[in-house]
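Thanks, everyone; I would like to take a few minutes to walk through one model, beginning with a pair of strands and ending with some backbone details. Please have the sequence and the structure open while I talk.

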Amino acid sequence: MSTVRYQGRMHEFQKELMGRYYAELTRGAETGQGHAAWMLISGNPVELVRAFDMLPVYPEVNALQLGVRRQSLPLIQKAEELGYSIDNCAYVKADIGLFFSGLKAPFATIPRPELILCNYVGCGVYLQWFEHLAEYTGAPIFNLDIPTVRGPSGRARPDDVRYVVGQLEELIALCERITGKPLDQAKLRQILQWSKETGDLWAEIKSLTKFVPSPFDAYFDAVTLMGPLYCLRGTEDGLTFFREARSELAERVRQGLGPLPDERFRIVMEGPPPWPYLRIFRDLFTKWGAVAVASTYSTVGGLWEFGFRHDPDRPLESIAEHMLEYNLTNRSFHQRYQQIRQYVEEWGADALVIHSVKSCRLFSAGQGDMREYFSKELGVPTLLIESDLEDPRYFSEAQMRNRIDAFFEALEHRKLVKA
């Protein structure tokens, strides 16, 4: 097995910042001070929440943190004992189990919410999940209804933008009642400016993986960057992190350094990672010198690399456009095909790897057709493997290794024949 060390300066800085974020959550839980808003990751209006000095809490991120620490299974089973089906989203079950365990996680104590803010872009499970949380906690729930992007243009319609802006105005009124203060427009513009600059840096960082070798792995290392991108977006700390990360990664490009000593294969990854076995999963690719140069999972919270930026001069409109159009989960499968195809062609990938996860229908439904499209119609070598994003009962290392080894043996043979 590989002995490659993956951690660098960027990873250490991320740990420090995320540690401070979770310490703030714990202070809020222990002192009862502040106003916690429980939110979802995909296409959220966190800038508005921060403008009211509310503390954004992400049950999805808490669930994946439990998965990484292999603490999720007892909580999943607790939720199943309460009646949640084995086929439910494992994030949901881990989070519900955490709630009924007193909200005490190994990394933080989670403050109880004063607002349940559901922004169900693409995923219908979000709505039921947050309605259950509202019932269990007694906190008010606000459901932001985000229409799916429709039509061949793939663009959000002006009527849809106005529809979402109208809901954001209702949300502002609710936040004013919860916090007892009016919206500070100047503060909101500053927060949006930090988000805009963060978007610039994130897009630039993701373009660096077009270099050979890629300076970082756009799947396994991208999750390190996604923590500050989602939990700290709209803050000066978050922006500072991305300035540091861009500097470190650009320097690696100048030095010709990649995450592995020898980059033999460039791949595109589709689907969330198996959090309880992240290191083992990564090592299965490392042994073949495979580096992800792009991934769809790294775009679940936004598609900045394709041009979106928050706009301080159009605050609510740009927040609405982000929620409607510029996040992966609110797009059609055909748009996802186009996104992956662009990655394969522009980032110079050798293959597509699809990690299909059992408990996320939003991501995984239709991936069999996706494999057929890329392998048979476009001639892109494509591997489909299966486990789960949170539930360790669905990960078989031996089975996974056999599939991955066989795929890269064939890919290596294909390269030799072409040479």
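Predicted model: local features only at pLDDT ≥ 70, side-chain atom pairs only at ≥ 80, totals over all residues.

Let me start with strand β7 (residues 351-357) and β8, which run parallel and are joined by six bridges; strands here are DSSP runs of E of at least two residues, helices are runs of H or I of at least four, both numbered from the N terminus, and two strands pair if DSSP finds at least two bridges between them. Within that pairing, Leu-352 has Thr-382 in β8 as its bridge partner. Strand β8 (residues 382-387) is largely enclosed by the rest of the structure, because five of its six residues are buried, where buried means under 20% relative accessible area, with a 1.4 Å probe and protein chains only.

Residues are numbered from 1 along each chain as its sequence is written, and side-chain values use heavy atoms, with hydrogens and water left out.

Turning to the interior, a nonpolar core is a set of buried Ala, Val, Leu, Ile, Met, Phe, Trp, Tyr and Cys residues joined through side-chain atoms within 4.5 Å. The largest one has 132 residues, and those with the most contacts inside it are Leu-115, Leu-168, Phe-285, Tyr-297 and Phe-408. Helix α7 (residues 158-179) gives the most to this core, with nine residues. Apart from it lies another core, of 16 residues, including Ile-354 and Met-370.

Finally, the backbone: most residues other than glycine have a negative phi, and most peptide bonds are trans. Val-212 and Pro-213, however, are joined by a cis peptide bond, with omega about 0 degrees, and Pro-213 is found in the loop between α8 and α9 (222-231). Leu-103, in the loop between α5 (90-99) and β3 (115-119), has a positive phi, near 65 degrees, and counts as buried at 6% relative accessibility.

Note on methods:
Buried < 20%, exposed > 50% of the residue type's maximum accessible area, 1.4 Å probe, protein only.
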